[in-house]
Each structure stands twice: as C-alpha cells, then as structure tokens.
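Look over the sequence and the model below before reading on. The text then goes through the ligand site and the domains around it.

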Amino acid sequence: MKVKGYILDLDGVICDTARFHFQAWSRLALEYGITLNDEDHEKLKGVDREGSLRYILNKAHISPEADLLLRDMERKNAWYLDMVAQMSPADLFPGTLDFLRQAKENDMRIALGSASRNAGLVLKKLNIEPWFDAVVDGNIVENGKPHPETFQKAATLLHLKPEECIVFEDAPSGIQAALAAGCIAIGIGNPDSLKGARVVLPSLASFVPRH
Ligand code: B16
Ligand code: MG
C-alpha cells in the first residue's frame, strides 16, 4: 500500500524535551530519596504524565494516592514548563525542517502523535505548527502509548488508513503503539531498545523515502 502520511512523535524525534522531562522527574524522585538512572530514563520515554509518576512512586515504594498524584504531577509540570519557556526554533533536531519540507514536496500528510499535554506549546516554541495537518496529543487521547489510540486518531484525522502511515518514534512504548495501530514503525535512536521497528535511524535527517 502506498505511504501517504507521516506521524511524528515529538519528544525524542523532533526535539530533546526528554532531558527536561527527566530533569523534572529526577528532582521529584530525589524528594522521595531515589535517584533515577539511565534505565529509568529509557523506560519513562513516551509514557504519559500519570504513568511516569506512578513508575517513580512505585520505585520509591510510596502508595499512589489520588491527591498526591495530582499535586506531584502539577509540581513536575511547572518545573518542566520553566524549561520549555526557554525553547526556541534552535532546539529543533538538525534536519527536521528539511524532513518536513521534503515530505510536503512529496505530497505527504503530516500529523503529530505525542503523549504530551504540552505538545501544542512546544510546537509553538519551535515555530513548526503550520507544517502539521493534524495534532494528536495527551489532551485528546484517553489511552496513552503503548495503546494504539494516539496513532489510530492521527491516521483518522489525516483521512488515511493506518497502513498508509509511517510513524517515527523514539520510545519502545511508541513503537508498540504504532504497530498495534497497524502503522509502519520507524525507530529513531537506539536499535537495541526499539525492537519491532522496520528500521531504526539515528534521526529524521537520515530518512530517505522509498515509497
Ligand atoms: P507531558 P512524546 C512524552 O512525549 C514524553 O516522552 C514523556 O516523557 C512524557 O511523560 C509524556 O510525553 C507526557 O508529557 O507531561 O508534557 O504531558 O514522546 O509522546 O512526544
Ligand atoms: Mg518520544
């Protein structure tokens, strides 16, 4: 089937907001007496806000009561937003604009498929909103990755079948979600952790369309 659309994850594919998420979660984790390591960083990628907090509380052996969850998600998000406020188009991963330009020249439809509820703000800071025909983020999705909803919704908003879309993802949970949705999955980053992806590339800049 001919590929007609690209669905891009945000954090880890378009820009490195992962380090902001990790810094903010690490600050919170320290308050609970635990230090997050590289393995935790990898596991938290692509996981939604509540899922990430539950992971940390579980590691700290703290029971996740509703008011605590709410308070800590708000505190972490405030720290994260302080860092996002400093972002500019210079924070785009190299080659992203060329990728978007080339995609449009090839008549591809483009969607964002991010777990982040702050995705719209980050797109604005990066000044790339106008490139997207559809934006699916944590505000309009009920089931986070690895559930397929994010990518199913993105394909629907692009008026495409999932199998007509390539998903670009940096997180294991995102690759699982893309495959469960019936999309083609291309990994960005570490081949060891992105099993199931059709191919794993170092960045969007290395992508050469073959369709
Ligand atoms: P927020 P993506 C994900 O973005 C991040 O990888 C993950 O670390 C974060 O917890 C999640 O968004 C939710 O973000 O707290 O801003 O709603 O990779 O799906 O673009
Ligand atoms: Mg990601």
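A polar contact is a pair of N or O atoms within 3.5 Å. With that cut-off in hand, the ligand site can be read atom by atom. The model is predicted.

Taken alone, ligand 1 exposes 470 Å², and the protein buries 99% of that.

The backbone takes part too. A polar backbone atom of Ala-115 is 2.7 Å from an oxygen atom of ligand 1. For Leu-10, a backbone N or O atom and an oxygen atom of ligand 1 are 3.3 Å apart.

Now take the surroundings as a whole. How many residues surround ligand 1? There are 18, and the closest are Asp-11, Val-47, Ala-115, Ser-116 and Arg-117. By residue type, the shell around ligand 1 is made up of 8 charged, 6 polar and 4 nonpolar residues. The space that ligand 1 takes is the largest pocket.

Which domains is the chain divided into? They are domain 1, made of 5-15 + 89-206, and domain 2, made of 18-84. The two domains touch through 14 residues from domain 1 and 13 residues from domain 2. Their C-alpha centres lie 23 Å apart. Both domains contribute to the ligand site: the shell around ligand 1 draws at least three residues from each of domain 1 and domain 2.

Conventions: Residues numbered from 1 in each chain as written. Chains lettered and ligands numbered in written order. Predicted model: local features only at pLDDT ≥ 70, side-chain atom pairs only at ≥ 80, totals over all residues. Heavy atoms only, no water. Near = heavy atom within 4 Å. Polar contact = N/O pair within 3.5 Å; in protein donor to acceptor, adjacent residues only side chain to side chain. Areas by Shrake-Rupley, 256 points an atom, 1.4 Å probe, with all protein chains shown as cover. 1 Å grid on protein atoms, 1.4 Å probe; cavity = no way out; pocket = protein on both sides within 12 Å on 5 of 7 lines; lining within 4 Å. Sits in = over half its atoms within 2 Å of the grid points. Nonpolar A, V, L, I, M, F, W, Y, C, P; charged D, E, K, R; others polar. Domains from an automatic or database assignment. Contact = heavy atoms within 4.5 Å.
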